[in-house]
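Q: Please take me through this structure feature by feature, giving the general idea before each case.

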Amino acid sequence: MSASAQIVVKDVSHDYRPPVGRVVRALEDVSLSIREREFIALLGPSGCGKSTLLYLIGGFLRIENGRICVDGRAVTAPGPDRGVVFQHFALFPWKTVKGNVLYGLERGKLPRAERETRAQAFIDLVGLTGFEDSYPSQLSGGMKQRTAIARTLAFDPQILLMDEPFGALDAQTRSLMQTELLDIWQKTRKTVIFVTHDVQEAVYLAERVAVMTARPGRIKTIVDTAFDKNDPQIYRARTFVDKVDEIWGLVREEAIKAQGTHAR
């Protein structure tokens with residue numbers, strides 16, 4: 001593990017214990033280090049524990065085996081240093097765009113004028129200027145997700161935990177939101193942990209991709225994906241295409257193993 005790592009996951013295992021049925025081991029002996037301001041993607045077959053690992057880092061699940069530290073402190077609960085963006089927006093339908101973004105700030109101790117200024121700054125950052133008074137029912141899927149991202153950024157977490165945030169969007173909107181997220185990351189330089197099923201999305205967005213095994217999830221390998229993200233022709237570049245193919249091969253191996261396990 002790197003001494004300069006902001007997040008250190010060490011020998012973490014996690015079991016799910018349903019009310020009925022057998023215990024399911026979701027993760028086994030996972031170790032991972034993430035640098036400050038790094039963008040890393042978690043990728044693997046369905047059910048491999050990607051989201052479980054994210055929620056453990058977020059403090060939403062109890063760590064039973066192993067240890068997770070953020071800035072040298074053990075994770076025991078959620079905290080303001082870690083902001084979460086979910087796939088399904090999680091907006092308050094009775095609040096406007098600005099009301100949703102203000103929500104996290106209102107729980108703090110900032111003066112009202114400063115809260116308003118800060119909320120507007122992040123609404124502008126995600127490209128929703130002019131939609132401050134719109135309600136979620138009046139927004140497209142992409143605009144809802146922009147609102148959710150602005151709300152999370154507004155209380156200034158050091159780390160963004162993103163659980164398939166674009167998974168519910170159509171292909172065109174998803175592509176636009178990927179570019180938007182990269183722009184936001186380059187401007188804010190948060191540490192981002194991004195869960196996705198999409199290999200091309202992972203290679204495009206992340207600096208490193210952690211490929212996970214079939215359940216119980218382990219870290220199979222970590223692949224460097226540091227391309228020039230501002231290259232408009234990146235999707236056609238041979239190095240990019242080769243990297244997508246390489247990682248898809250790794251994920252496919254695990255998906256086949258997962259299917260075999262489920263078939264038994």
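Q: Which residue takes a positive phi just after α4?
A: Before the case, some ground rules: this is a predicted model, in which local features need pLDDT of at least 70 and side-chain atom pairs count only at pLDDT 80 or more, while totals for chains, interfaces and linings use all residues. Residues are numbered from 1 along each chain as its sequence is written, and side-chain values use heavy atoms, with hydrogens and water left out. Helices (H or I, at least four residues) and strands (E, at least two) are DSSP runs, numbered from the N terminus. The residue in question is D156, with a phi of about 60°.

Q: How does the span of helix α4 agree with what its residues should give?
A: The expected span of a helix is 1.5 Å times one less than its number of residues. For α4 (residues 141-154), the 14 residues should span 20 Å, and the end C-alpha atoms are 20 Å apart, which agrees.

Q: Is α4 mostly covered or mostly open, and what covers its buried residues?
A: Buried means under 20% relative accessible area, exposed over 50%, and partly exposed in between (1.4 Å probe, protein chains only). Twelve of the 14 residues of α4 are buried, so that the helix is mostly covered, and the buried residues include M143, I149 and L153. Among the elements that cover them are β6 (82-85), α2, α3 (112-125), β7 (159-163) and α5 (171-188), where contact means heavy atoms within 4.5 Å.

Q: Where is K98 found, and is it buried or exposed?
A: K98 is found in helix α2 (residues 97-106), and at 19% relative accessibility it counts as buried. Leaving aside neighbours within four places in sequence, K98 is in contact with E116, Q120, I123 and E132.

Q: What is the strand order in the open sheet of four strands?
A: Two strands pair if DSSP finds at least two bridges between them. Here the order is β2-β1-β4-β5, with antiparallel pairing; β2 (24-35) and β5 (73-74) stand at the edges, each with a single partner strand, so one side of each has no neighbour in the sheet.

Q: Which residue forms a salt bridge with E38?
A: A salt bridge is a side-chain nitrogen of Lys or Arg within 4 Å of a carboxyl oxygen of Asp or Glu. The partner of E38 is R208, the closest N and O atoms being 2.4 Å apart. This pair links distant parts of the chain, 170 residues apart, with E38 in the loop between β2 and β3 (39-43) and R208 in strand β9 (residues 208-212). E38 counts as buried at 1% relative accessibility, as does R208 at 15%.
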